[in-house]
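Take a look at the model below.

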Amino acid sequence: MQKEKCTAIVLAAGQGKRMGTKVQKQYLEIQGKPVLFYSLEAFQQSELIDEIILVVGENQEAYCRKEIVEKYQMTKVVKIVAGGSERYASVWNGLQEVGEGGYVFIHDGARPFVDEEILRRAYDAVKECKACVVGMPVKDTIKRADEEGFVAETPDRSCLWMVQTPQVFEIGLVKKAYRMLMEQEEIQVTDDAMVVEQMLHHKVKLVPGSYENIKIEKRFFKIIFIWRF
């Protein structure tokens with residue numbers, strides 16, 4: 001069966017305020033290369049991915065083109081676009097650069113440990129379900145709090161997943177969902193799957209990722225890099 005066209009949208013427009021560093025986390029270095037390099041490299045080397053749309057912060061297009069895309073020969077990057085003030089706006093900007101037909105992988109640039117096995121599992125799932133997200137079952141017990149800070153419920157841990165990226169969709173499906181979202185007066189979504197769920201009531205398949213497929217955070221920064229590399 002012929003492979004469908006696959007586009008990756010890599011999001012690098014976040015301010016990373018929770019990191020507490022002057023440099024945004026996607027530009028902090030691992031072994032002399034920015035975190036964003038490793039996220040892009042996974043898609044650059046993947047046999048599944050045909051092209052990459054890189055979404056960056058305001059006035060960062062020239063820097064990213066010269067210091068990352070050209071420097072490291074990321075030849076699959078076909079567009080570098082400015083993001084928005086919120087994640088959903090950045091995704092929307094990236095989606096507008098994606099052609100019709102095929103699938104789109106939406107991935108956080110600050111999640112550098114994605115690999116080909118994860119991409120392959122997501123591709124197999126999206127072909128069947130049109131919408132899937134990478135994640136892993138939670139290991140900790142989760143408590144839902146009430147308004148006064150007391151435990152209201154202890155959900156069954158076996159049914160809970162922590163969601164990662166990439167989140168992968170049939171292009172027509174996710175574009176339709178985002179067009180509907182952008183027409184809303186109040187927007188409160190935290191990931192792309194939520195957009196598809198709320199706007200189209202379309203089921204989203206959970207696909208095993210990896211416990212190593214983490215998003216860079218301040219408290220783990222030094223420990224993670226020593227352990228991983």
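Helix 1 spans residues 35-45 and is mostly covered in this predicted model. Nine of its eleven residues are buried. Among them are V35, L36, F37 and Y38. S39, L40, A42, F43 and Q44 are buried as well. An α-helix has 3.6 residues a turn, so residues three or four places apart point the same way.

**Charged pairs**

Side chains of opposite charge can pair when their charged atoms come close. How many salt bridges does a search of the whole structure find? The search finds ten. Three of them are listed here.

| Pair | N to O distance |
|---|---|
| K5 and E51 | 3.6 Å |
| R87 and D108 | 3.4 Å |
| R87 and D192 | 2.9 Å |

Start with K5 and E51, whose side chains meet in a salt bridge. This pair links distant parts of the chain, 46 residues apart. K5 sits in the segment before strand 1 (6-12), and E51 is in strand 4 (residues 51-56). K5 counts as partly exposed, because its relative accessibility is 40%. E51 has a relative accessible area of 13%, so E51 is buried.

Next comes the salt bridge between D108 and R87. D108 belongs to strand 6 (residues 103-108) and R87 to helix 3 (residues 87-95), 21 residues apart. D108 is buried, with a relative accessible area of 8%. R87 is partly exposed at 25% relative accessibility.

R87 also forms a salt bridge with D192. R87 lies in helix 3 and D192 in helix 6, so this pair ties together parts that are 105 residues apart in sequence. Is D192 buried or exposed? At 0% relative accessibility, D192 counts as buried. Salt bridges that share partners join R87, D108, R111, D192 and K215 into one network.

**Backbone angles**

Most residues other than glycine have a negative phi, and most peptide bonds are trans. Which residues are joined by a cis peptide bond? They are T165 and P166, with omega about 15 degrees. P166 is found in strand 10 (residues 161-170).

Q73 is not a glycine, yet its phi is positive, about 55 degrees. Q73 lies in the loop between helix 2 (61-70) and strand 5 (77-82). With a relative accessible area of 62%, Q73 is exposed.

H201 has a positive phi too, near 55 degrees. Where does H201 lie? H201 is in the loop between helix 6 (192-200) and strand 11 (205-208). H201 is exposed, with a relative accessible area of 70%.

Terms used:
Residues numbered from 1 in each chain as written. Predicted model: local features only at pLDDT ≥ 70, side-chain atom pairs only at ≥ 80, totals over all residues. Heavy atoms only, no water. Helix = DSSP H or I, 4+ residues; strand = E, 2+ residues; numbered from the N terminus. Buried < 20%, exposed > 50% of the residue type's maximum accessible area, 1.4 Å probe, protein only. Salt bridge = Lys/Arg side-chain N within 4 Å of Asp/Glu carboxyl O.
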